[in-house]
Structure formats: C-alpha cells, structure tokens
Amino acid sequence: MLYREVGQFKTSYAADQAIFPIRQDRIGSIVVLLVAFAVIPLAANEYWLRTLLTPFLIYALAAIGLNLLTGYAGQVSLGTGAFMGVGAYAAYNISIWLPSLNIIVVLMLAGLVAAGVGILFGLPSLRIKGFYLAVATLAAQFFLSWAFIRVPWVTHYSANGIVTFPPLVLFGVPITTPAGRYLFTLSIVAVLALIAKNLVRGNAGRSWMAIRDMDIAAEIIGIRPLRTKLLAFAVSSFYCGIAGALVAYVFLVSVEPAAFDLDRSFQILFMIIIGGLGSILGCFLGAAFITLLPIFLNRVPTSLGLPLSTATISHIEFMTFGALIVFFLIVEPHGLARLWQIAKEKLRLWPFPH
Amino acid sequence: MNLSFITEVTLGGLLAGVMYSLVALGFVLIYKASGVFNYAQGSMVLFAALSFVGVLELDVPIWLALLLTVAIMIALAYVVERLVLRPLVNQAQITLFMATIGISFFLDGFGQEVWGSDVHALNIGIPQNPIFLGSILINQFDLIAAVVAGSLVAALALFFQYTRVGRALRAVADDHQAAMSVGIPLKSIWVVVWSAAGIVALVAGIMWGSKLGVQFSVALVALKALPVLILGGFTSIPGAIIGGLIIGAGEKLSEVFLGPMLGGGIEAWFAYMLAMLVLLVRPQGLFGERIIERV
C-alpha cells in the first residue's frame, strides 16, 4: 500500500534513468541519509560510534570495492586486505612527505596508488581465469604483506612495520571526537557509494557484467576485455585503498601490517557473499552483519548466564561464520540484498495481493 | 658456495616439497571428480590430525586410533555431501568454492572446540635426526615423508586405474551427465571422493603434525599447497607431486640465494610468484587439462 509506484509517471528520459525511479525509494534514501548524518551522531554513544559505526562504514566501503571486482566484473580476488594496506601505507608516506596536504587529497592519492598496484596484480587476469586467478591474487596478498614488513621505505624505516598516523585535520580543524570522525567517514563513504552506484549503471558497469556473465561472448560484441578487466581492478583497488587509508587515519591510528592480512581479505569477501554479490546495498548489509555478529556472539552467552571461555567463544564464532556462509549460499545465493528485493516485491502488493 | 651445499639445499627443498604435495593431492582428488575447488582441504588436514591425536590421547592403540580417525573422516565426507554439496548441486563453481570456505571455517572452529586448541605433540616413532648420505646431510624424517607420499600416489594411481570405484570416479571426472546416464550413482561417488580426500588429509595431517606439532598452523599449510596446485594443474595427480618438488626446491634455493638480497622471508610469497609466472605461459598449469572454451 505504502510502497506502490502507481501514478508516478515518467515524462522525460532523465526521470526514466534516475537512480531511484520510485518516489518511495527516493524518500527512503533521503531519510536514511538524514538519520545517518543528523540523528545517529546525537543519539549514539561514544562506544557505538567508535567501535561499531565507524568501522562498519569503512568495511562497507572496502566491500563496495571488492563487490565491483567480484560481484560485477566476476574476478574473484583474495587480495583485498593487501590493497587496503597499500592505501594505508601510501597515505602514511604521502602525509610524511607533504604534511600540509589536505586530507581528502591524501586519501585520493592513496586510492590512486592502490589503483596502480591493483592494475599491476590485475594483469594476470587477462590470461588466468576462475580459481587459478583467485590463487594468483593470493600472490598479491602474500607479496604485499611481506613488503609491508620487509621493505623499509614503505613504513618509513619503522622497525616492525608499525606506523602511527598524524592526527586527522580537515581544512585546519582537527577532528578528534568520535562523532566528528564518524561524520567524516560517513561523508566520504556516502559520496563514494553514490559514485559506485552510478558507475555500475553506466557503460563501465554494464561491460563488467558482460565480462562476468561470459567473457568470450562479451568480447565478440565489442567489449575490450583488457580495458574492462583492468578498469575493474583499478576502481576496485581505488575503493579498497581509500578504505585502508580510512582504517588507518580514522579508526586504528597506529597501524601494523597484520591489520591487512589474509583474514581481512576473507572478512571482506564474506561481507559481499552474505550481503549479496553484485549489489551496492548488499555491501552495507553484509558489512553490518559481519561487524555486528562477533559482538552479538560475545554478548549472548553472558546475558544468558552461560559462562563460556574466550576460546570457546572464538571457536563458536568460527563455526557460526562457516555455517552461516554455507546456509546463505544454499538458501539465497544472492544474499541479504536479494531478500530485501523480495520484501519490496511483496510490499508492492501488500495488503491486497490480488 | 660449493656444489655439495647446493645439492644439499636442493635435496632438502625437494623433500620439503613432497610434504606440500601430500596436501595438494587432496585438492586434486576432489577437483578431478567433482569440479569443486575444496578450500577446506587444509582444515581437513588439521581436523584429521586433531582427531587422530585426540583419539590417541584416550589411550587406544595406534591402529585402532587410525581406524577410528578414518571412520571420522568418512563420516565427515558423508555429512558434507548431505548438508552442503547436495543442496548446492548445479550451482556455479564459484558458489561451491565459497561454500568450502564456509566448511573450512566451521571445521577450524569445530575441531578446536572438540579436541582443544593447545599444541599437541604427535610422535608415531618417525626418527627426526639427520643422517649422512655420502657427504650430504639429509633429515631422516623428510626421507620417510617422501616414501609415504610416493606410496600414497602409487596407491591412488592403482585405485583409480584398476578398481571398479576408481573407474567410476574417472568416468564422473570426464563427464557428469554421461556417467549418470550409464548408471553411476553420483551422490555416493562424491562421498567416496571426499572420503578419499579425508584419508589423504589424515596422512598429510599425521606427517605435518609430527613435524610441527598438531596446532592451528597446520591448517595454514594448505596455503603453501595452493601454488603447488596451480603450478601442477588442478586435475593432475602427478602434477601435484612434480609441482611440489619444483616449489619445494625453488623455495629453498631462492631463500638461500635471493633471500639475502631482498631482505629475507621471501618464502612467504616466492612460491606464489613462481606459480603465477608459470600460469602466464600455461594458464592451466603444467599438467592440467587444456581449458577449452565455447560460447
């Protein structure tokens, strides 16, 4: 009843091609943004902002990056963590050489460096496909993880690869409160998510999907695999790089190479599987799910009065993760985003299904 | 840098490579017969080793422990087939791959929850002390591991070539549809394959477990086996062995000769880079089946 597009006529091409063609969706997304920008910083306490919402947004951004590559372009990557690390360490080096540079420029440059590295490790994708490629991206993960520790100039000659980032300053104003950091992250993530949403509707996104669905057929209808695949790697790594730089600047401040190891890559991969491959909304749903699940699993036994050891909790976390992934793949291979879509279809008819 | 030192390093590398091959074999078995890239193989190695040690610690004789663990692995294969593979039949390969990542997480948690996450020592009487062959120093343990791997491959080859089940497995690997239409029960074949991979995992787990101690890091050995796998090709059992030998020797030689130039620790990625370079020339690995694509 509420969610019905009857009577919303599209009278121009622009209206037909809008991102949210249905009025309820437009209002809905504005409400979500308003809540995120205005209500949450006031309502949420410091703990929520610092340890839940900010990392959730950053990982959602990394998930968007991986989803562009894996969900849209169909190239499985297990090197997300490393590309995030490249962004983080690039941002660190840039901020050392040019301390007065605007933070937003630093983030963009860090993203560009990550994009360059992404293109380099994307090159094998032109020849290698499927599982072979997945394993080849592991080469990126292990090589870069090694470089963060062993190549001295990457960490500016820090002994063990641990670097401490300069304080976050935007246009001369230091951002120190959790709410400020949250808003800073939110602005960047909102803009980049909007860009990604538009990107996948346009020429780039459509050629990625064509390559994903069948690369030979796509090549025959005139999509250049070289450009398309490398563009996917570049854009994906750009997003991951910015996410990595944000992790470093906003969330962790003091960064060690272990923050960008293989586990991180898998974590982001799970986000997009559970959220939904090939969906921007899914990245946020998946990131929320994966960030909240450990906290939920930590709290439930204590609130039920079951005294479980930390080892047991971490094992149960592993098992739940694994079981959930299998469960989602069986029940809904398209993830939470697909469930939301089904709910919307139902809502269009509700409460008069005939 | 004398010759005997180089020979010693190479030989040590080759023998270490055999240990990787042991793990890689499990991947090949499952991929060959069902087209599933089983990421959980490493976790199966850990799970098998943990179960074996756990059963041993209940004061049962070693042969009974072995039998019991084999039974556990077969039960695991049955459960995996029933709960994961059967509902996902006809899904894209990548979906199945991700499902096995899920299995791997589950097994890691489950095994450590049931059998405990402490480091267990595993001693089944394999001598660890090095011996001299001529002027070359060799670890006896590695030598025995090589013999074990060799006999495992021989046994698998015989099994695939001469038994009824083995022939059925090869038929399924060639063409699912055709195999089903001549009456080969696909579902039980999957259980057989996963059981075989489980038993290979047990052997690998015992070998790695007695080398490193049974602990979580045994599961990470699978990450070392992946480059072996892509180097040799996903579908070739001899490929897994030869890939292991190349990776093992290459890794040790590069660590000795290239390592000091690059700051050390290059073992972590050298195998992957080597495998990737080979893939650029031969995308299906050294011995893999040629990938033929049709639109």
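Before we start, a definition: a helix axis here is a line fitted to C-alpha atoms, over the stretch in contact, and the angle between two axes runs from 0 to 180 degrees between N-to-C directions. Keep in mind that this is a predicted model.

**Exercise 1. How are helices α1 and α9 of chain B oriented to each other, and which residues meet?**

Step 1. Let's begin with the axes: those of α1 (residues 3-34) and α9 (residues 217-232) of chain B come within 8 Å and cross at roughly 75°.

Step 2. Angles of 65 to 115 degrees count as roughly perpendicular, so α1(B) and α9(B) are roughly perpendicular to each other.

Step 3. Now find the residues. On the α1(B) side they are Y20(B), S21(B), V23(B), A24(B), F27(B) and V28(B). Their partners in α9(B) are V221(B), A222(B), K224(B), A225(B), V228(B) and L229(B).

Step 4. Sort this contact by class, and you get 10 nonpolar, 1 polar and 1 charged residues.

**Exercise 2. What span should helix α12 of chain B have, and what do its buried residues pack against?**

Step 1. Helix α12 of chain B covers residues 267-281, which is 15 residues.

Step 2. The expected span is 1.5 Å times one less than the number of residues, so α12(B) should span 21 Å. Its end C-alpha atoms are 22 Å apart, which agrees.

Step 3. Look for the buried positions in α12(B): W269(B), F270(B), A271(B), Y272(B), A275(B), M276(B) and L279(B).

Step 4. These buried residues pack against α9 and α10 (237-257) of chain B, together with α6 of chain A.

**Exercise 3. How many residues of chain A are in contact with chain B, and which element gives the largest share?**

Step 1. Start with the count: 35 residues of chain A are in contact with 40 residues of chain B.

Step 2. On the chain A side, two or more residues come from each of α6 (130-150), α9 (215-220) and α13 (310-331).

Step 3. The largest share belongs to α13(A), with 13 residues.

Step 4. By class, this side of chain A has 29 nonpolar, 4 polar and 2 charged residues.

Technical notes
Residues are numbered from 1 along each chain as its sequence is written. Chains are lettered from A and ligands numbered from 1 in the order in which they are written. This is a predicted model: local features need pLDDT of at least 70, side-chain atom pairs count only at pLDDT 80 or more; totals for chains, interfaces and linings use all residues. Two residues are in contact if their C-beta atoms, placed from the backbone, lie within 7 Å. Helices (H or I, at least four residues) and strands (E, at least two) are DSSP runs, numbered from the N terminus. Ala, Val, Leu, Ile, Met, Phe, Trp, Tyr, Cys and Pro count as nonpolar, Asp, Glu, Lys and Arg as charged, and the others, Gly among them, as polar. Angles under 35 degrees count as roughly parallel, over 145 as roughly antiparallel, 65 to 115 as roughly perpendicular and the rest as oblique. A residue is buried if 20 or more other C-beta atoms lie within 10 Å of its own, exposed if 12 or fewer, and partly exposed in between; C-beta atoms are placed from the backbone.
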